[in-house]
Amino acid sequence: MGVACVNQARTGPREMVTEAKKAPARPPVPTKKLPVNMAYTVDPPRYGDSRGYFQELYNTQTYPKHRFNQVSLSRSQVDVLRGLHCSPYGKFVSCVEGAIFDVFVDLREDSPTFLKWTGRVLSEENKAQMYIPPRCGHGFYSMRDNSKILYMQEGCYTPGADVEVHPFDKKIGIEWPKPKKEYILSGKDTKAKTLDELLPRIRGLADFEKWGNTVDYVVIGASGFFGGKVCQILTEQKKNFARMPSWVRLSDRENLARFLDRWKPKYVINCAGTAGKPNIGWCEDHKEETIDINLTGQLNVAEVCRQRGIHCTLFGTGCLYSYDKEHKMVSGKGYTEEDPPNFTGNFYGKMRIALENLVKSYKNVLSLRIAFPIDGYMHPRSLVAKLLKYPRITSTPTSYTVMDSLYPLISQMAERNLTGIYNFTNPGVTTNGSLLRIYKRVVDPTHTWEDVEA
């Protein structure tokens, strides 16, 4: 009896596995192209009975492929009009309650359907969904009270990244269902500018997106002090580059890889990082965040680039060296890249040293040491702009990085496939006091300060 029971227990599951059949593949949802390039509607199936209904809003196996990063819900009263809002990412829109007249206009100058608009009714009853490509101005009119709209977004909302275009711009000429005076608009949409006023800014969104296009360079951290300067110079040098969207964090290896796979660049310049706010003292109380951004985040970028054979440029700022017996002040003997850093007076600096020790193992990484950056446009984070805020300053001779003279070399270094660590500073040394005396002589003769010994 015991043997019989054991045999039955062994054969039973095998028979069940043998009898199990693979579920048939589900057919794709019906889609229809719209007059605007890359846009389409979906007519999804709905399964209902006397109890109600069930409907999928998105399924990776049956819908066109997208990768959504944010899902949002809005509710609007009847006659509310929202838009036109132009984003650097695509949106997939569903009306889950009520009804709307959903509209979008192609604001991509590089698109064959530039300035063409289209609109249709989305409602809970007709279950229609609509995909709106990046850089299209999107808006809708709520036809009923409590209309609820579900947005699935390919990017995360970032304040300042969207552009608001006036919904009644005559150049676009949207045929809204009701007279202009009958709509309820927000103050922001009422004051929105016309297309002619906004075109330069709308063109800028293309740098964040460039769908289907390959580029030579990708700049990460493009909206910051260093990134803005790099983008300015790449533009002047007529380089083909794209800006990594600001919502893609250094810890987000999946989306870093996704955009690099789309753009297929030869070179990545990573300008993202943190020096703390208001200064590096912040890092002492936020060590975990500092490690995440300035150490593991930088290594994420280096590794994603290594896997794809992409040259990667990283930046590091702050003090790494201090004077010692072998390198005395005003002796004329400076530090080279081969000299190990000897300044560990703060946590920020310690993380810089740790990162440098690790990236030495990467054969695709160029690490540029920036020292007290000076920008000719007086950016608030430029050294001179900071010095002007202090009534008393120290004047220890040190090295500086004059961005206007050195940053144009970055693309040359990348294209020559240079790697390793470089002291990216101008020759010789000077002092904070010397810089301010130049400023006083050339810019503002009335500026005063007090020099103090270090």
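A residue is called buried when its relative accessible area is under 20%, exposed when that area is over 50%, and partly exposed in between, using a 1.4 Å probe and counting protein chains only. The model on your screen is predicted, and for that reason local features need pLDDT of at least 70 and side-chain atom pairs count only at pLDDT 80 or more, while totals for chains, interfaces and linings use all residues. Residues are numbered from 1 along each chain as its sequence is written, and side-chain values use heavy atoms, with hydrogens and water left out.

**Stop one: pairs of charges**

Side chains of opposite charge can pair when their charged atoms come close. A salt bridge here is a side-chain nitrogen of Lys or Arg within 4 Å of a carboxyl oxygen of Asp or Glu, and the structure holds 21 salt bridges. Select lysine 188, which is exposed with a relative accessible area of 52%, and then glutamate 164, whose side chain meets that of lysine 188 in a salt bridge of 3.6 Å, N to O. This pair links distant parts of the chain, since glutamate 164 is in strand S13 (residues 163–164) and lysine 188 is in helix H2 (residues 187–190), 24 residues apart. Helices (H or I, at least four residues) and strands (E, at least two) are DSSP runs, numbered from the N terminus.

Next select arginine 437 and aspartate 451, a salt bridge in which the closest N and O atoms are 3.5 Å apart. Arginine 437 is partly exposed at 42% relative accessible area, and aspartate 451 is also partly exposed, at 39%. To see a network of salt bridges, select Asp79, Lys178 and Glu182, which are linked in this way.

**Stop two: the largest nonpolar core**

A nonpolar core is a set of buried Ala, Val, Leu, Ile, Met, Phe, Trp, Tyr and Cys residues joined through side-chain atoms within 4.5 Å. The largest one has 28 residues, and those with the most contacts inside it are Val218, Ile220, Met244, Leu260, Val268 and Val301. Among the elements that give two or more residues to this core are strand S14 (217–220), helix H5 (253–263) and helix H7 (287–307), and H7 provides the largest share, 6 residues.

Now select valine 268 and show its contacts, meaning heavy atoms within 4.5 Å; leaving aside neighbours within four places in sequence, its partners include Val218, Leu260, Val301, Cys305 and Cys312. Then colour H5, where 8 of the 11 residues are buried, so this helix is largely enclosed by the rest of the structure.

**Stop three: cysteines**

How many disulfides does the structure hold? There are 0, a disulfide being a pair of cysteine sulfur atoms within 2.5 Å. Select cysteine 312, which is buried with a relative accessible area of 0%; its sulfur is 4.2 Å from the closest cysteine sulfur, in cysteine 305, and this is too far for a bond. The sulfur of cysteine 156 is 17 Å from its closest cysteine sulfur, in cysteine 86, again too far for a bond.

**Stop four: a buried histidine**

Finish at histidine 138, which lies in strand S11 (residues 136–142) and is buried, with a relative accessible area of 3%. Not counting residues up to four places away in sequence, histidine 138 touches several residues, including Arg82, His85, Asp102, Phe104 and Tyr151.
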